[in-house]
Amino acid sequence: MNITIFESNEALDRQAAELIARTITERPDAVLGLATGSTPIGVYRALISLSAEQRLSFADVTTYNLDEYVGLPPAHDQSYAYYMKQHLFDHIDIPLAQTHLPDGMAQDLAAECVRYDQMLENQPIDLQLLGVGHNGHIGFNEPAGQLVGGTHLAELEPATRAANARFFEREELVPQQAITMGVASILKAKHILLVARGADKAEIIQQALCGPITTAIPASLLQLHANVTVLLDKDAGKDLMQHDSSLHLVHS
Ligand code: GLP
């Protein structure tokens, strides 16, 4: 695992954007796995600037998002489809037909999960961007005794709904379910880029990256992957730095 801890969030965002840009430069028809939540917003902003500066084209890129709420149409301002357009797709030259999210409005949600997995099978992900929940969830793979490998319907934990309530008018409006890629789908990506920021993520980051590999902390399964890059701000990295004295802050 390649871990870098940044003094500033701007430097972190820039580094994440550069890694994504490099993937596209090396392979213009790269398949990117994308994430939502507050963490990637700055990364997308940096990627938009970087792609403008470097004239990076997304014309041949394909994207797959990790997850989508069940019951929110794409036009709903809290759907992940809306988020992706707002924070990235509307600002780059990617054809929308090459962008994919699970359809949380599908009549047959089980069939939608199979369809999504089939597409992922046909187009393996080159680089998967990931955030992490306070309870260690990745995508919407919540802590549990057993985890599901493929794309599936997930019941959201009360803690996850409470954490995401800040984006909704009221907590009751946060959907109870989501469709999410499973842990096997995530681990199949050739390269995983995990980003976390804020002191509230410090403990879970330390446990996930240095603690036992357990389904109780789905992000701990990332320890099984051979090519993971972790980018943290100084707050999210503080417990890790205490644990591992070889880790230092990057100042620029
Ligand atoms: C959400 C998403 C995850 C995200 C996580 C952390 O519920 N399903 O993909 O990584 O929770 O969100 P944030 O970045 O807002 O802390």
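Which residue stands opposite Gly-33 in S6? Let's find out by walking through this model, which is predicted.

**Stop 1: a pair of strands.** Select residues 31-34, which make up strand S2, and residues 127-130, which make up strand S6. These two strands pair in the parallel sense, over two bridges. Now highlight Gly-33: opposite, in S6, you will find Gln-128.

**Stop 2: the whole sheet.** Show the strands next. Eight of them form an open sheet with parallel pairing, and the order to follow across the sheet is S5-S3-S2-S6-S9-S10-S1-S11. Then colour residues 99-100 (strand S5) and 249-250 (strand S11), which stand at the edges. Each of these has a single partner strand, so one side of each is left without a neighbour in the sheet.

**Stop 3: a helix on the sheet.** Select residues 202-210, helix H7, which packs on the sheet. Helix H7 touches strand S1 (2-6), strand S9 (191-196) and strand S10 (228-233). Look along S9 and compare directions: that of H7 makes about 155° with that of S9.

**Stop 4: the ligand.** Centre the view on the ligand, which 14 residues surround.

- Thr-39: a polar side-chain atom lies 2.5 Å from a ligand oxygen atom.
- Asn-164: here too a polar side-chain atom is involved, at 2.9 Å from an oxygen atom of the ligand.
- Val-132: a backbone N or O atom lies 3.5 Å from an oxygen atom of the ligand.

How values were computed. Residues numbered from 1 in each chain as written. Predicted model: local features only at pLDDT ≥ 70, side-chain atom pairs only at ≥ 80, totals over all residues. Heavy atoms only, no water. Pairing = 2+ DSSP bridges. Helix = DSSP H or I, 4+ residues; strand = E, 2+ residues; numbered from the N terminus. Contact = heavy atoms within 4.5 Å. Axes fitted to C-alpha atoms, helices over the stretch in contact; angles between N-to-C directions. Near = heavy atom within 4 Å. Polar contact = N/O pair within 3.5 Å; in protein donor to acceptor, adjacent residues only side chain to side chain.
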